[in-house]
Amino acid sequence: MREYLIYSVRSLSQQKTRTFLTLLGMIVGIAVIIAMVSIGEGMRVSINKEIGKMGGDVIFIFPSGFGAHAFGPPAGTVPFTDSQLQDVRYTPGVKAAYPVLLKAAVVEYKSEKQTVSIRGVESEASAVFSKMYSIKEGRLFRDYEDGVVLGYRAAKDVFSREIRVGDSVKIEGRSFSVVGIFEESGNNPRDTIMFMPLQKVRTLFSAYDEITGMFVLCDSGNIVEQAAKKIEDNLEKMRGGKDFDVITSRQMAEQVAKITTIVSFVLGGIASVSILVGGVIIMNTMLMSVMERTREIGVMKATGATNSLILGMFLIEAALVGITGGTIGILLGAVISKIIEYAGRLYIGGNFTTVITQQMMLGAIFFSLFIGCVSGAYPAYRASKLDPVEALRYE
Amino acid sequence: MMPMEIVRLENVSKIYTMDKVQVPVLHGISLEIYKGEFVSVMGPSGSGKSTIMNLIGCLDRPTRGEVYLDGKNVSKLSEDKLAEMRRKKIGFVFQQFNLIPRLNALENVELPMWFAGVVKAKRTSRAGELLRAVGLEHRLKHKPTELSGGERQRVAIARALANNPEIILADEPTGNLDMKSGEEIINLLQKLNAEGRTVLIVTHELEYARRAQRMIKLRDGLIEGIEVGK
């Protein structure tokens, strides 16, 4: 085995430029795969972290088709009502249920108007949403005051001039004072919303018996699924159909896992095409190398080398290219992944992250070894089958 | 003492098929070579000299007839068995030297021993001995390109001896050498023969051919005559 390696390394180092170019195909391929998959993996990790913050005892109730961060419910959605909220509150296992009302409102600050997503909640709902949002400056509003708490970017970026705690903004023509600003979550839609007392939003939009969704806290993590089922059945009866989703935090985590796995696979799959090119380059180089070394192969056979020895020699050479390219590719991929992370944080948000796991690296090593062997198989086979007499005569 | 037969060709024919044309090269040749003999093969190009070498050297199989090497019929052996015969019984010396350019003299000589599964330490010490025996003890770590033609051919001879073969097959070993180096190589081959090794040499030089105990003259794939030397 040692001899094979020595011989391969010698052959490869003989043609430095060619070997480098061949490696490059493999390096780029593996690097792209690593970088792509690290994005998917990063998504999974960061979303799971957020869900983890909420804990396992939360249930979300929203109209069907309502994305977690959409501006508002889909058009034509029938809102929930206070009596439905009461029903949810009386479901066994439920500790508390908090209504949330979403509206798109025209907000005016220093005569500049913007449409902003408004969330009306009761201040006691901070029991749930304080897990996702924390106050950076100021305080939360009280239910009776004309106060508003701004998302980080709603204060900083949405208007051309930054809004500060103590400033006054006009929402749907009525003055509210900014009492607090949230920390940046890194999630853009979430950072651009404004929180207000539920009753104030209802008054502004004359939506007195309207609820967009509910956050439910359960007595314990063990009965969440049961409670969710019960809520779902009751609401369905009351509303005369299932036009809403009841999702537990655990189910949400599972869904996210599913989606991010798909994302990883798709990104990795696209990247795999580049590895195909790397494989073809290896095959081409090996074929060229076999041709150039025809005479040498003849000499080896004449001096007693068996076909399988010749086969092994070229196969190991190709495998060596594969695994070396793969290893360097992982390093390059890690660098690219870090650059993507940096750029992502700049443009998408602070919690954008990329993750490279040991499993990914190991997989990449084996994959590159595999590609090397597969690409080298045909050239090695050709080499092993050369007729020694012909090979010795080759000029 | 009855001379021992090492090579025996029985009515051997060889026909090459090129594209769809059949090119007969040997037309039923019979020949014996004895252990310890020095035999030369002469003849114009295309007379079948190299083909005989290839058949005896187990690089090729005859179309018809039988080839025996050290008592064993090698006419129908598998490729792997032929490789084994080459490894154990044959030492090739080529006109073009055919050393591996990436490997130094020592490693070139070690190569056939690697194929034969000799351990590294033993390979290196034997390769060193062989190179010393051909007068190259000062060139062990030199690559072929750093050696003169005569030196390269001596490395090739050392390589041919690596696995202690029964027979040395030298196909125009002086063809690419100047007079002086050629002379040295022939002397070296004669010395090996004097030590008991069977040597078969193909050459164009009548003077070298005549130094053999027997000179086989080939023409058009047939033995035209055998001349017994001094």
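Let's start in chain B, where the axes of helix 5 (residues 149-160) and helix 6 (residues 179-194) come within 9 Å and cross at roughly 20°. Axes here are lines fitted to C-alpha atoms, for helices over the stretch in contact, with angles running from 0 to 180 degrees between N-to-C directions. Helices are DSSP runs (H or I, at least four residues) numbered from the N terminus. That angle makes helix 5 of chain B roughly parallel to helix 6 of chain B, a label for angles under 35 degrees. Their crossing is right-handed, meaning that the near helix is turned clockwise from the far one by less than a right angle. Among the residues making this contact are B:Gln153 and B:Ile157 of helix 5 and B:Glu184 and B:Leu188 of helix 6.

This is a predicted model, in which local features need pLDDT of at least 70 and side-chain atom pairs count only at pLDDT 80 or more, while totals for chains, interfaces and linings use all residues. Residues are numbered from 1 along each chain as its sequence is written, and chains are lettered from A and ligands numbered from 1 in the order in which they are written.

Now turn to chain A, where helix 11 and helix 12 (residues 358-384) pack at about 150° with axes 7 Å apart. That makes helix 11 of chain A roughly antiparallel to helix 12 of chain A (angles over 145 degrees).

Finally, the two chains meet through 17 residues from chain A and 19 residues from chain B; residues are in contact if their C-beta atoms, placed from the backbone, lie within 7 Å. Helix 10 of chain A gives the most to chain A's side, with five residues.

Key: Helices (H or I, at least four residues) and strands (E, at least two) are DSSP runs, numbered from the N terminus. Angles under 35 degrees count as roughly parallel, over 145 as roughly antiparallel, 65 to 115 as roughly perpendicular and the rest as oblique.
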